Amino acid sequence: MDKRELRQAYLSRRREMSLDAVKRSSLAICKDISSTAWFQRSKRLLMYMPIRREVDLRPLMDVAWRKGKTVYLPKADPVTHAMDAYAVHSLDELKAGAYGILEPPADATKEADLEKLDCVFIPGVVFDRQGYRIGYGGGYYDRFLPRLTSSTLLIGVAYAWQVVERIPRDAYDEPLHVLVTEKEVLTFSLPTFTKHSRRTRPE
Ligand SMILES: Nc1nc2c(c(=O)[nH]1)N(C=O)[C@@H](CNc1ccc(C(=O)N[C@@H](CCC(=O)O)C(=O)O)cc1)CN2
Ligand SMILES: Nc1ncnc2c1ncn2[C@@H]1O[C@H](COP(=O)(O)OP(=O)(O)OP(=O)(O)O)[C@@H](O)[C@H]1O
């Protein structure tokens with residue numbers, strides 16, 4: 001199957017998930033992430049607000065806030081397909097933006113210095129065991145990831161059934177460092193990561 005067919009097939013499968021299963025798996029994923037050394041060491045984290053039946057990281061945002069970490073959320077520009085990140089301190093601040101996704105109001109003083117992000121959590125529709133992913137097809141993360149430094153940890157979050165052996169790759173696709181599902185934590189090879197940083201090596 002090509003990317004478009006995989007996206008359609010896995011989106012329809014996700015529409016069949018019960019809200020209870022979404023909640024249960026999301027909680028398990030958040031719990032596993034919160035016990036990793038790399039999460040505990042991270043100070044600045046870019047998360048995302050879920051749409052439809054995506055893995056819900058809100059329980060992890062609560063943990064991060066309680067531990068005094070800074071949580072950033074993306075603001076997507078539907079015209080240019082660019083994304084920027086802004087610090088948020090509570091879900092009450094958020095307003096519906098493009099695609100109905102809750103996002104932070106733009107405030108220059110809260111814009112993330114992308115170089116300083118310790119980890120970026122990445123949603124997706126299908127993931128593979130080599131660290132590649134397929135999203136909604138807007139290319140938002142494909143454009144965003146090259147702007148980060150190589151020491152930022154890229155973490156995919158997915159339901160275990162969204163992980164396949166191998167998906168087609170394009171030249172612009174950047175592999176993730178870690179993939180967390182409710183059943184396992186997969187760690188991929190970290191060439192640039194180990195070369196430039198010893199800060200937050202995943203276990
Ligand atoms: N929670 C979350 N936030 C995110 C993403 C994401 O995948 N999940 N994105 C990651 O990239 C960006 C938003 N990308 C999106 C791109 C398309 C659609 C979407 O609903 N597309 C419709 C077609 C809409 C149209 O053609 O106008 C569809 O798939 O039915 C949603 C989000 C930025 N923020
Ligand atoms: N660095 C880039 N600059 C400009 N356009 C890009 C870049 N990377 C990818 N694109 C374009 O963005 C689109 C990405 O399509 P693809 O199907 O890979 O998206 P996706 O990974 O599913 O989406 P997303 O990243 O939004 O979750 C393609 O049309 C591609 O040409």
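Predicted model: local features only at pLDDT ≥ 70, side-chain atom pairs only at ≥ 80, totals over all residues.
Where does Arg52 lie?

1. Arg52 is found in the loop between β1 (44-46) and α4. Although Arg52 is not a glycine, the residue has a positive phi of about 50°, and because its relative accessibility is 62%, Arg52 counts as exposed. A reader checking backbone angles may also want to look at His81, a residue other than glycine whose phi is positive and near 60°; His81 belongs to the loop between β2 (70-77) and β3 (82-88).

2. Two packed helices are described by the angle between their axes and the distance between the axes. In this model, helix α2 (residues 19-34) and helix α4 (residues 58-66) have axes that come within 8 Å and cross at roughly 30°, which makes α2 roughly parallel to α4. On the α2 side the contact is made by Leu27, Cys30, Ile33 and Ser34, while α4 contributes Pro59, Leu60 and Val63. Sorted by class, the residues of this contact are 6 nonpolar and 1 polar, with no charged residues.

3. Leaving aside residues up to four places away in sequence, Ser25 touches Tyr159 and Glu182.

4. Turning to the aromatic rings, the count comes to 5 aromatic pairs. One of them is formed by Tyr141 and Phe144, whose rings are edge-to-face, at 6.5 Å centre to centre and with 80° between the planes. Both residues lie in helix α5 (residues 140-144), where they are 3 residues apart, about one turn of the helix, and both Tyr141 and Phe144 are buried.

5. The rings of Tyr159 and Trp161 have their planes at 10° and their centres 6.1 Å apart, so this pair is stacked. Tyr159 and Trp161 are both buried, and together with Tyr10 they form one aromatic cluster. Tyr159 of this cluster is also one of the residues that Ser25 touches, so that the description of Ser25 and that of the rings can be read together through Tyr159.

Note on methods
Residues numbered from 1 in each chain as written. Chains lettered and ligands numbered in written order. Heavy atoms only, no water. Axes fitted to C-alpha atoms, helices over the stretch in contact; angles between N-to-C directions. Helix = DSSP H or I, 4+ residues; strand = E, 2+ residues; numbered from the N terminus. Parallel < 35°, antiparallel > 145°, perpendicular 65-115°, else oblique. Contact = heavy atoms within 4.5 Å. Nonpolar A, V, L, I, M, F, W, Y, C, P; charged D, E, K, R; others polar. Phe/Tyr/Trp six-rings, centres within 6.5 Å; stacked < 30°, edge-to-face > 60°. Buried < 20%, exposed > 50% of the residue type's maximum accessible area, 1.4 Å probe, protein only.
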